[in-house]
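Subject: A structure to look at

Hello,

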Amino acid sequence: MLAQIQTMRTVAGIINSVQTMEGEGMLVRRAFPKSTFSHFDPFLLLDELGPVDVAPGQGKGAPDHPHRGFETVSYVLEGRLEHKDSQGHAGNLGPGDVQWMTAGAGVVHSEMPEREFARLGGRLHGLQLWVNLPRRDKMIEPRYQEIPAERIPTAQSDDGLVRVKVIAGEALGTKAAIATRTPIMYLHFTLQPGASVIQPVPKEYNAFIYVLDGEGLFGADKERAGDGQMVLFAQDGEEVAIANPADAKLPLDVLLIAGVPLDEPVVRYGPFVMNTEAEIVKAIEDYRNGRMGSIDF
């Protein structure tokens, strides 16, 4: 008798996000890190900003601050943000746009509400993911990839009930436009009531889902999770199942994020993530001595 082959991943745990303040006082929902869950290799942080209605002239952001040793992925759902950095880059992000910044050896940057948006006010909603860099890449030159919404590939199921934005990786036969330093999957699925999808995920990947809106059923055992919760999958299969119950009143909106774990030491201090304490001390020293540059334009 042949042994049964497990292909569908089970759910290893469901984690509630917590509210915390960032930057000038932005209220965010943080899936991780927190006291009980520091990181999910190779991912270091996931924050959801809003959705929040910003009053005219009251927009808050993250003024000049450094990073070294990892990548930040900013994904705007509503509103507009502007950024600058010590490498001379500047730009705006609108609804659906993605910025994939590789901090590498170090960069100082700012992320603020876009000037006109801040003046007029409006709804702001976005996400930021931190992706760790392997030891070999922690001191590479910083770089940016900015992908406007219209260049992010999308796909939908044959019945039209499942739609996906392919930010990184591949889904429903469609590949992403963004290049990643290590294999990463970043998919934004929207499932109408009664819809389901099975996404292939290589067995060696760590994988999780973050629920943006609605309540869905996940994994081999159809475990239930909702808005603001993170679903961790065990490495016991090569597929992830997502379903929106038939009696749901609203679409289910989720991010499926997965990547190959680095299996390296993680030493972090605020905006610096390295492999050793000595490297953190060096990062602080380099920042204090201006070696990561400054924003002067």
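Predicted model: local features only at pLDDT ≥ 70, side-chain atom pairs only at ≥ 80, totals over all residues.

**The sheets**

Let me begin with an open sheet of 7 strands, in the order E2-E3-E4-E11-E6-E9-E12, with antiparallel pairing. At its edges you will find strand E2 (18-22) and strand E12 (143-147), each of which pairs on one side only. On average, neighbouring strands of this sheet are turned by 20° against each other, direction ignored. Tyr 75 has Val 98 in E9 as its bridge partner.

Phe 218 has Ile 242 as its bridge partner in E23.

**The nonpolar cores**

Which residues have the most contacts inside the largest nonpolar core? They are Trp 100, Leu 127, Leu 129, Tyr 186, Phe 208 and Met 230, in a core of 29 residues. Leaving aside residues up to four places away in sequence, Leu 129 touches Phe 43, Leu 45, Leu 46, Glu 71, Thr 72, Val 73, Tyr 186, Phe 208 and Ile 257. Another core lies apart from the largest one; it has 27 residues, including Leu 191, Val 211, Val 231 and Ala 258. In soluble globular proteins, nonpolar side chains tend to be buried together.

**The largest pocket**

The largest pocket holds about 580 Å³ of space. Its lining has 34 residues, and Glu 22, Met 26, Ala 62, Glu 111 and Gln 128 lie nearest its centre. Several elements give two or more residues to this lining, among them strand E3 (26-32), strand E4 (43-54) and strand E5 (62-67). Strand E11 gives the most, with 6 residues.

Leu 49 is found in strand E4. Is Leu 49 buried or exposed? Its relative accessibility is 14%, so Leu 49 counts as buried, the cut-off being under 20%. Beyond residues up to four places away in sequence, Leu 49 touches Met 26, Leu 27, Val 28, Leu 124, His 125 and Gly 126. Leu 27 is 22 residues from Leu 49 along the chain, and their C-alpha atoms are separated by 6.7 Å.

Asn 244 sits in the loop between strand E23 (239-243) and strand E24 (252-259). With a relative accessible area of 3%, Asn 244 is buried. Its contacts, not counting residues up to four places away in sequence, include Leu 191, Gln 192, Pro 193, Glu 215 and Leu 252.

**Backbone details**

Most residues other than glycine have a negative phi, and most peptide bonds are trans.

- Asp 41 and Pro 42 are joined by a cis peptide bond, with omega about 10°. Pro 42 lies in the loop between E3 and E4.
- Gly 50 and Pro 51 are also joined by a cis peptide bond, with omega about 5°. Pro 51 is found in strand E4.
- Leu 172 has a positive phi, near 50°. Leu 172 lies in the loop between strand E15 (170-171) and strand E16 (174-175), and at 37% relative accessibility Leu 172 counts as partly exposed.
- Lys 222 has a positive phi too, near 55°. Lys 222 lies in the loop between E20 and E21, and at 60% relative accessibility Lys 222 counts as exposed.

Enjoy exploring, and do write back with any questions.

Best wishes

Technical notes:
Residues numbered from 1 in each chain as written. Heavy atoms only, no water. Pairing = 2+ DSSP bridges. Helix = DSSP H or I, 4+ residues; strand = E, 2+ residues; numbered from the N terminus. Axes fitted to C-alpha atoms, helices over the stretch in contact; angles between N-to-C directions. Core = buried A, V, L, I, M, F, W, Y, C linked by side-chain atoms within 4.5 Å. Buried < 20%, exposed > 50% of the residue type's maximum accessible area, 1.4 Å probe, protein only. Contact = heavy atoms within 4.5 Å. 1 Å grid on protein atoms, 1.4 Å probe; cavity = no way out; pocket = protein on both sides within 12 Å on 5 of 7 lines; lining within 4 Å. Points joined across faces, edges and corners; volume = space filled by probe spheres on them.
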